[in-house]
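Please take a moment to look at the sequence and the three-dimensional view that follow.

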Amino acid sequence: MTGSLEGVRVLELASIWGAWAAKVLGDLGADVIVVEPPGGHVSRTYGPFVDDQPHPDRSLWWWYYNTSKRGVALALGTVHGQQEFRRLANDADIVIEGEIPGALAQLGLDHQTMRQSRPELIWTSITSHGQNSPRSAMPWTDLTLSAASGLAWLNGYDDHSLPPMRGRGNQTLQICGTHAAMATLTALVHRDITGVGQHVDVSAFAACNITTESGTFVWLVAGQTVQRQTGRHAAVDPTMEVQVQSADGRYVTTGFLAQDAADFQALLEWMDELDLRQTFEEAFFLEIGIERGGINASRDWGDPEVMAILGAVRAALVHIAINVPALEFFEGAQERDLQVGIILSAGEAFENRHFQARGFPAEVTHDDLGRKFRYPGAPFKMSKTPWRISRRPPLVGEHTSEILGADPS
Amino acid sequence: MGALSHITVCDLSGQLAGAGATRYLAAMGARVIRVEDPVRQGRWDIVRGSPPYKDDRRGIELGGGFNNHNVEKLGITLNLRVDAGRRLFRHLIGISDVVTENFAAGVMTRLGFGYDELCAINPNIIYASNSGFGHTGPYSEFKTFGPVVQAVCGLTFGVGAPDAAPAGWGFSYMDHMGANIMAIAILAALAQRHRTGQGQWVDISCTEAGLGLTGPDLLDYTVNQRPLRRPGMPDSNHSDQPPMAPHGIYPTTEPDRWVAIACRDDLDWVAFGDICAEGWTQQARFATTSGRVANQAELDELVAAWTSTRNRDEMASALLAGGVPASPVTLSEDRIEHDSDNSSWGLFPVVHHPVIGDVRVDGLPAHFSETDWRIERGAPLLGQDNHHVYCDLLGLSEEELALLQEEGVC
């Protein structure tokens, strides 16, 4: 089976901003060529490294962002490099780049010049703040962009003497990457009908700003500011705690609290099975909840009996969670239709039986190392043209002669 | 004309994980027909009628989040429990390119509209289902919302101080990202259909989408067997890879107002020392990145002692002007009301909602030279576009529609 984007040629000028979007297009079947400077893009110096041995071809940062691509080394500062880049761009349906605005124009390799003769070309530029902002020429990191865009403000602890928190994993790059991929594919779908390409200007800062849920719309609608809380949504007014450390030390989250009589019954029966009911002091309120036929907390918020019942639901979940291992709590609750969560590390999730059964881990052969490695697999299952890592990330300049011809001089 | 003006979407999705995807398609010009249940007044979508509110009024049409997530969509009411409703739904599928939903797995099949049935009605249909765990596997019937998705897939674990309880994401990060991944899936399927004429089923699993976003940490585990659950983790305000120090969020003169500072390398450190001008910035043990990382705890204390005597915005501006990555940790008001880039981008456009009135919503972070996005219309009222969709698009007469509404079908 072939991929969705079979026959689509993407030319990527290596950047931290564009790497994820180009990878996704590659995993969807496009032929992606990533152009790096001789010696490799700077992100190849970012770890972690295979066996902790730093080397441009062993960077797991590079691996994560560059599956399903071929790699070409080109010095864009030279006339030869510029000619070859122009040739590659002329063969491409899509160009993706993350250069500082104006940098490519100085080389005569900008989208205006390149699209003049080929209006069908799609050119996606991704920068920290967009093509028209002087901030796009300033230095930004995942941390400072998280802070500037409102992401960091939302994460942290009830204890506000502790700072707001960034998330691990360079999420600002994935956020702008998803939007760059959406925009590029939209331009492609449009070109399929009209034959007309376009320039797309993606701002990572704008992307992160609108990836803040209530952090933005609560201000826009009500002029209020949400405040960070441990393990749950930032809110204008403090809300009930949701995180509990289970018997094996792992954390679970008690999620949406159940309001149906059947759920109250399930909690009582579950505690019976675990021999925990006699040590649960609030069973009485669950029994009242059953007699009442359930509650409607949003309608009756503040009603003492309803609040007591809701408190008992939370207390029952806590009582079970602290007495059983986290996974037993999570699976046991969900099998009883109670919407709770378990806080797994990415590696633990990867090994979890559900993701194994779905075939999420994708095995990729690294012929150069004589080993196979497991990568995160398909984010969605396409019934006819499945997502697929078609090749391991390229070594530095691996496909230079294959793509440019035998004699690259 | 929008980029996607030729596409019609029959949209059963809601909340944000589903509605966010079709919101994007609608802003790019697709005709998105949001289908809601007249019996329950669309309450399956928990944000319909929920806070925040613009003023003192409350009600099913006044939810601020719902308005934000459903701009530019058409809205119809349709009762899928009754035969007449299902017949109409078949007509709607017949004129659609894409069917979207984010029910729990199995719901569409129970309604009689699983992928095989959809194909029987419209052979080239693209069906996008979006659920917490996908439609197969041992957890397929488990129920999720954003916080459960991000907990299970590893994202929550990756936010927090060293050896502390997870701080997690203070919002439904995976509703946004699940919606984005869903939009990517739909667009890829549209591009593929253009080439082969074939539709397909795209089954999105939000937890798998999230697990795929966790970054190089996951490969450090699969390749180097280094688990993230280890002493000192997750320590997410520091940067172990690539190593940077100082790298953190530090206090300023005002309570609970913070500044983020990242010294990427020794040049940044020298520039930081020029601005900070404290004697300790010249100490040999801090001269190299490896030295600063090795002495990070002390370094953080010294940096924090200095930052806590400085004004947040002035300090961040001075550092950034000196070439050191730095930024205030912005509050909603800072970045929404007082950021020149956000205003020149037009990031928070005003929409008109027939009941709420004029209100600002999220815009989009990509501008297109030929077919830019358009966000002007607020979320549809319940059944606001019944007449347009049932009469103009599906060919019902006004009398037929009136009768169906009377019978509770529409």
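**A guided walk through the two chains**

Among the contacts in chain A between residues at least 6 apart in sequence, 64% join residues that are at least 24 apart. What you see is a predicted model, and the values below are computed from it. In this model chain A contains 16 helices and 14 strands, and its C-alpha trace spans about 80 × 50 × 45 Å along its principal axes. Of the 409 residues of chain A, 57% count as buried.

A single residue can show what such contacts look like. Leu188(A) sits in helix 7 of chain A, which covers residues 171-194, and Leu188(A) counts as buried because 24 other C-beta atoms lie within 10 Å, where the cut-off for being buried is 20 or more. Leaving aside residues up to four places away in sequence, Leu188(A) touches Val8(A), Ile94(A) and Ile122(A), and also Ala191(B) of the other chain. Ile122(A) is 66 residues away from Leu188(A) along the chain, and yet the C-alpha atoms of these two residues are separated by 7.3 Å.

If we step back to the whole interface, 129 residues of chain B are in contact with 129 residues of chain A. Helix 7 of chain B gives the most to the side of chain B that touches chain A, with 16 residues, and that side has 70 nonpolar, 42 polar and 17 charged residues. Strands also link the chains, for strand 14 of chain A (residues 380-382) runs antiparallel to strand 6 of chain B (residues 201-205) and is joined to that strand by three bridges; in one of these strands, Phe380(A) has Ile204(B) of strand 6 as its bridge partner.

Within chain A, three strands form an open, antiparallel sheet in the order 9-10-11, whose edge strands, strand 9 and strand 11, each pair on one side only. Strand 10 pairs with strand 11 over two bridges, and Val252(A) has Ile342(A) as its bridge partner in strand 11.

Finally, some backbone details deserve a careful look, because most residues other than glycine have a negative phi, and most peptide bonds are trans. Asn170(A), which is not a glycine, has a positive phi of about 55°; Asn170(A) lies in the loop between helix 6 and helix 7 of chain A and is buried, with 28 other C-beta atoms within 10 Å. In chain B, a cis peptide bond with omega of about 5° joins Pro51(B) and Pro52(B), and Pro52(B) is placed in the loop between strand 2 and helix 2. The peptide bond from Met233(B) to Pro234(B) is cis as well, with omega near 0°, and Pro234(B) lies in the loop between helix 9 and strand 7 of chain B.

Conventions. Residues numbered from 1 in each chain as written. Chains lettered and ligands numbered in written order. Predicted model: local features only at pLDDT ≥ 70, side-chain atom pairs only at ≥ 80, totals over all residues. Helix = DSSP H or I, 4+ residues; strand = E, 2+ residues; numbered from the N terminus. Buried ≥ 20, exposed ≤ 12 C-beta atoms within 10 Å, placed from the backbone. Contact = placed C-beta atoms within 7 Å. Nonpolar A, V, L, I, M, F, W, Y, C, P; charged D, E, K, R; others polar. Pairing = 2+ DSSP bridges.
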